[in-house]
Amino acid sequence: MLKNEAQKPSLKRLPAGGRKAISLSPEAVVKTSYLPSGQRTPLVVRPGVEGLDLAEWAASNLGFLETELQRHGAILFRDFGVEAVAGFTKFTRSVAPELLEYYERTVHRKVIDDKVYTASEYPAEHPIPMHNEYSFAHVWPLKLWFYCVRPAARGGETTLADSRRVYEMIPPDVRERFITKRVMYARNYGEGLDLGWEDVFQTSDRAEVEQYCREAGIPWEWKDGNRLRTRQVRDAVARHPRTGETVWFNQVHLFHVSSLEEGARRSLLTLFREEDLPRHAFYGDGSPIEPEALEAVREAYRRATVRVAWERGDVLMMDNMLVAHGREPFEGERTILVAMAERFENRDA
């Protein structure tokens with residue numbers, strides 16, 4: 001949890017050159033604005049003085065950051081000259097000293113540094129649907145950071161959507177159906193088409209997997225051929241522990257087979273029954289989800305979407321419950337790093 005610091009930003013010192021510490025007004029230290037689209041998510045913060053160290057400024061202004069993060073859901077730090085992994089981790093740890101491991105994995109990532117990873121390594125030609133990180137799990141990070149090492153030659157924008165707005169935009173009857181029935185995330189590991197259970201749980205020891213599932217409230221079943229099946233039922237909405245606001249917080253539209261491109265979906269359904277698909281979603285009672293309900297969720301995300309075009313050295317800080325994120329297709333090389341912090345456990349899961 002962030003310290004209750006005074007909200008007035010301050011500049012402790014400027015680097016090198018024998019310059020003395022000075023006192024500046026908040027408006028002179030950093031400048032705030034919005035993206036050209038005018039959307040209020042994310043808030044854009046730029047340095048107002050030369051040589052401002054982002055990590056040092058953040059450490060002295062945690063209250064300001066927390067207030068703005070809760071208001072806007074995301075903050076884009078631009079033009080601070082954040083250099084490489086060291087500069088990124090210095091900033092993240094100035095806000096949250098303990099970063100989190102990447103657990104219960106759903107996509108491939110590379111480890112770049114201690115608890116710093118590449119963003120989802122998903123084919124460049126396909127978009128990544130909107131999602132809140134680990135909203136399918138019983139624990140999740142409250143804070144996320146993305147860092148742009150290299151923007152794509154074309155495309156590759158990170159998409160954001162205010163989860164409060166998404167909740168309001170979903171038709172009440174659809175929303176209540178999901179709230180009442182909840183969501184079941186179904187995974188079958190070891191079919192050769194998704195991550196194996198050894199990658200997901202980062203162990204080859206079945207006993208460790210079973211212990212994790214037991215603690216996380218995940219029913220499991222070992223199948224022939226070293227395969228594993230899990231089913232976990234989670235809420236479709238959540239209440240933010242600090243703001244008290246209700247947010248749309250699940251990955252039903254992403255896990256559901258209908259999220260796949262039509263050709264890939266047809267191929268999978270010729271190979272597997274729905275209950276045997278590598279990844280799929282149902283209502284919490286195991287019943288199928290109506291196509292129109294899923295389309296209503298996707299339409300709400302479309303209406304709420306804001307696109308962030310990356311510049312080298314950008315850092316995007318997000319409240320993982322207040323804002324969902326995704327990725328547009330891209331061309332060329334693209335390197336975005338991610339870190340997570342502030343573990344929150346849903347004790348009612």
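Two strands pair if DSSP finds at least two bridges between them; strands (E, at least two residues) and helices (H or I, at least four) are DSSP runs, numbered from the N terminus. The model is predicted: local features need pLDDT of at least 70, side-chain atom pairs count only at pLDDT 80 or more, and totals for chains, interfaces and linings use all residues. Residues are numbered from 1 along each chain as its sequence is written, and side-chain values use heavy atoms, with hydrogens and water left out.

**Exercise 1.** Describe how strand S12 pairs with S10 and S11.

Solution.
1. Strand S10 (residues 183-189) runs antiparallel to S12, joined by 7 bridges.
2. Within S12, Arg 234 stands opposite Val 183.
3. Strand S11 (residues 220-223) also pairs with S12 in the antiparallel sense, over 4 bridges.
4. Here Trp 222 has Leu 228 of S12 as its bridge partner.
5. The hairpin of S11 and S12 has 3 residues between the strands, and Gly 225 takes a positive phi near 75 degrees.

**Exercise 2.** State whether S12 (residues 227-234) is mostly covered or uncovered.

Solution.
1. Buried means under 20% relative accessible area (1.4 Å probe, protein chains only).
2. In S12, 6 of the 8 residues are buried, so the strand is mostly covered.

**Exercise 3.** Sort the lining of the second largest pocket by class.

Solution.
1. Ala, Val, Leu, Ile, Met, Phe, Trp, Tyr, Cys and Pro count as nonpolar, Asp, Glu, Lys and Arg as charged, and the others, Gly among them, as polar.
2. The lining residues include Leu 100, Glu 101, His 138, Trp 140 and Arg 343.
3. The division is 7 nonpolar, 1 polar and 3 charged.

Methods. 1 Å grid on protein atoms, 1.4 Å probe; cavity = no way out; pocket = protein on both sides within 12 Å on 5 of 7 lines; lining within 4 Å. Buried < 20%, exposed > 50% of the residue type's maximum accessible area, 1.4 Å probe, protein only.
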